[in-house]
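Trainee: I have a new model open and would like to go through it with you. Could we start with the overall layout and then move to the details?

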Amino acid sequence: MSVVKINVLTVPAEQREELERRFAGRAGSVERQDGFEWFELLRPVEGSDRYLVYTRWRSEEDFQRWSEGPARQAHGGGEGKRPAASGAELWSFDVVQQAGPAS
């Protein structure tokens, strides 16, 4: 079964638009990676300054291959830009059950 990686980003209110703009600008980059299955950027609604970046991968090895290559270049904001997040934490899960809408 797949693996899920959730990057928990602490984002100050004044950096939210910048974070979302940067993610919109990278659209398509992870989608072409071997083993990639799904991506979602989740904005906090109330009471939190933590965004969740949800990705699902075919295997841990596929995620590691991506994170040690293209992902490393994408983090940190780029040339002369400071990171939009003030903190990050990576959560990892194995998918043991899943379901979709009934047909």
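**Strands, helices and aromatic rings**

Mentor: Let us begin with a pairing: strand β1, residues 3–10, is joined to β4 by eight bridges, and the two run antiparallel. Please keep in mind that this is a predicted model.

Trainee: Which residue of β4 stands opposite Leu9?

Mentor: Ala88 of β4 stands opposite Leu9.

Trainee: And how many bridges pair β1 with β3?

Mentor: β1 and β3 are paired over eight bridges, in the antiparallel sense. Within β3, Arg56 is the residue opposite Val4.

Trainee: What about β2 and β3, how many bridges join them?

Mentor: Six bridges join β2 to β3, and these strands run antiparallel. Leu42 has Leu52 of β3 opposite to it.

Trainee: In what order do the strands lie in the sheet?

Mentor: The order is β2-β3-β1-β4, in an open sheet of four strands with antiparallel pairing. The edges are taken by β2 (36–42) and β4 (87–94); each has a single partner strand, so one side of each has no neighbour in the sheet. On average, neighbouring strands are turned by 15 degrees against each other, direction ignored.

Trainee: Which strands does helix α1 touch?

Mentor: Helix α1, residues 16–25, packs on the sheet and touches β1, β2 and β3 (50–57). The direction of α1 makes about 20 degrees with that of β3.

Trainee: New topic: helix α2. Which residues are buried there?

Mentor: In α2, residues 60–67, the buried residues are Asp62, Phe63, Trp66 and Ser67. Because they cover an arc of only 125 degrees around the axis, they lie on the same side of α2.

Trainee: And which exposed residues does the face turned away from that side carry?

Mentor: That face of α2 carries Glu61 and Arg65, which are exposed.

Trainee: How far apart along the helix are Phe63 and Trp66?

Mentor: Phe63 and Trp66 are three residues apart in α2, about one turn of the helix. As a general point, an α-helix has 3.6 residues a turn, so residues three or four places apart point the same way.

Trainee: How many aromatic pairs are counted?

Mentor: The count comes to five aromatic pairs. For Phe63 and Trp66, the ring centres are 6.0 Å apart and the planes stand at 50 degrees, so this pair is tilted. Phe63 and Trp66 also belong to one aromatic cluster together with Phe36 and Trp57.

Trainee: Finally, the whole chain. What pattern does it follow along the sequence?

Mentor: The pattern is β-α-β-β-α-α-β, from three helices and four strands. Of its 103 residues, 29% count as buried. The accessible surface of the chain comes to about 7,100 Å², and carbon and sulfur atoms hold 51% of that.

Note on methods
Residues are numbered from 1 along each chain as its sequence is written. This is a predicted model: local features need pLDDT of at least 70, side-chain atom pairs count only at pLDDT 80 or more; totals for chains, interfaces and linings use all residues. Side-chain values use heavy atoms; hydrogens and water are left out. Two strands pair if DSSP finds at least two bridges between them. Axes are lines fitted to C-alpha atoms, for helices over the stretch in contact, and angles run from 0 to 180 degrees between N-to-C directions. Contact means heavy atoms within 4.5 Å. Buried means under 20% relative accessible area, exposed over 50%, partly exposed in between (1.4 Å probe, protein chains only). The arc is that of the directions from the helix axis to the C-beta atoms. Accessible areas come from the Shrake-Rupley method with a 1.4 Å probe; for residues, only the protein chains shown count as cover. Rings of Phe, Tyr and Trp (its six-membered ring) pair if their centres lie within 6.5 Å; planes under 30 degrees apart count as stacked, over 60 as edge-to-face and the rest as tilted.
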